[in-house]
Each structure stands twice: as C-alpha cells, then as structure tokens.
Amino acid sequence: MNNMTQKNNETVLDPLGATFAALILRLWLGMRSLLTGIEKFSGKEIESIPTLINGEPDPNGLETTVVKKFYSLGNYQGVPDPLYQSFKQEPLIMEWMLDSYNCILGPALILLGLGLLLGLATRISLLGMGLLYTSLTLGLILLNQSSGIAWLATHIILVVLMLLVAQHNRLELGSLIRRQIQLRRKTDQPQSSV
C-alpha cells in the first residue's frame, strides 16, 4: 500500500499513516526521555545471601553476592561521575555551569518525556528535548566522544522528524483538549436567526 496520494499534482501523506507515525515517534521519544531521567535516580545495593545447595543453605557458610537495583532521591546524579570529572577538567565548562546542569538534567528529561507521552505542548516539549540533546552533544564534542555524538545525532533526527509530522499528531491529550474548547466555543456562540 502506498502511503502517499496525489492531490492537485501534489504528493500528500496518507492521514492515517502520518497519524500513526507521529504517535510512534512521540511514544518512543517520550519513553526514552522519561526512563533516562528516572535512571538518574537509580542505585545498586550489594547483598550477600546464603548459597543454596539442594534448596538448603550451604553447611560451610558459602554466600552468593547479589546486586539489586533500587531508586531513591538520594541516588540522584544527573551527569555520571566519570563524565562529571572529565567535564571539570574542561576549560570551556565552568564548574557552576556543570553543577547547575547536573541538578536539572534528570528532572528536565522526566518533564519533557511526560509532556511528550501525554501529548501536552508537544512542539514545546520537542523543542526543549532538541535543545537538551544539543547541549549534551556540545559536552561530548568537548570530550571528543564520537560515538556518543552520533548516538545523540540520531535522537535529534528523530526529534526533527517528529516536529515535521507534528501536524498529524491527533492522538494526544493536547489535541483532544483543543477540540473540546473549539466545540464549546461553537455551541456557546449565539445562533443567528434569519
């Protein structure tokens, strides 16, 4: 099936296909941002538990080390410590800027991700996300991290693509609210009698 149709010698996207494309892009970018932000609050706890042999604890007291992941506000670290230390050595990055960025990165990713997932102010959320990924790219350029730069470029391309199909983003909370407001305005307007 062709997703393009001809109308007055212009190629037009299939409306349903474009709507689904916008939905998939919005969900992927939203989940990526939200979960990346949540991961900034993750930590690991190492625990030793008795090793079981045939369902019973080892009689010699042998223990197995288990690493458990958990989330807490106390674990928050916006910029991972190895990167943070590398950025501190970079003369173009002032420490107060790095500290500020470290504080806002996780919450910004969470808010932008939620905005996209819910479809609230989608274009503004996408703009914020694009600017955030661009700022992350600038840091990686200074550290000469080519693979990270390419990885972020892929995200920026997806943000741009979503911005291009945003007009087809009908399956979102913002669109539903706008439609309800427009319907109320039409019904609240006095009917002219002829």
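Me: Is G130 buried or exposed?

Reply: Burial is read from relative accessible area: under 20% is buried, over 50% is exposed, and the range in between is partly exposed, using a 1.4 Å probe and protein chains only. G130 has a relative accessibility of 14% and therefore counts as buried. Two remarks on the source come first. The model is predicted, so local features need pLDDT of at least 70 and side-chain atom pairs count only at pLDDT 80 or more, while totals for chains, interfaces and linings use all residues. Residues are numbered from 1 along each chain as its sequence is written, and side-chain values use heavy atoms, with hydrogens and water left out.

Me: How many residues does α4 have, and what span does it reach?

Reply: The expected span of a helix is 1.5 Å times one less than its number of residues. With 21 residues, α4 reaches 30 Å from its first C-alpha to its last, close to the 30 Å expected. Just after α4, N144 takes a positive phi of about 60°. In the loop between α3 and α4 lies A121, a residue other than glycine whose phi is also positive, near 50°.

Me: Which residues of α4 are buried, and what covers them?

Reply: An α-helix has 3.6 residues a turn, so residues three or four places apart point the same way. In α4 the buried residues are T122, S125, L126, M129, G130, L132, Y133, T137, G139 and L140. Their cover includes α1, α2 (81-88), α3 (95-118) and α5 (146-164).

Me: At what angle do α4 and α5 pack?

Reply: Axes are lines fitted to C-alpha atoms, for helices over the stretch in contact, and angles run from 0 to 180 degrees between N-to-C directions. Angles under 35 degrees count as roughly parallel, over 145 as roughly antiparallel, 65 to 115 as roughly perpendicular, and the rest as oblique. The angle between α4 and α5 is about 165°, and their axes are 9 Å apart. The two helices are therefore roughly antiparallel to each other.

Me: Is R123 buried, exposed or partly exposed?

Reply: R123, found in helix α4, counts as partly exposed at 46% relative accessibility. Leaving aside neighbours within four places in sequence, R123 is in contact with L163, A166 and Q167.

Me: How do the axes of α1 and α4 cross?

Reply: The axes of α1 (residues 15-39) and α4 (residues 122-142) come within 12 Å and cross at roughly 55°. These helices are therefore oblique to each other. R26, L29, R32 and S33 in α1 meet T122, L126, M129 and Y133 in α4. That contact divides into four nonpolar, two polar and two charged residues.

Me: Which residues join α3 to α4?

Reply: The packing angle of α3 and α4 is about 145°, with axes 9 Å apart. Y101, L105, L109, L112, G115 and L116 in α3 meet T122, S125, L126, G128, M129, L132, S135 and L136 in α4. By class, the contact of α3 with α4 holds nine nonpolar, five polar and no charged residues.

Key
Helix = DSSP H or I, 4+ residues; strand = E, 2+ residues; numbered from the N terminus. Contact = heavy atoms within 4.5 Å. Nonpolar A, V, L, I, M, F, W, Y, C, P; charged D, E, K, R; others polar.
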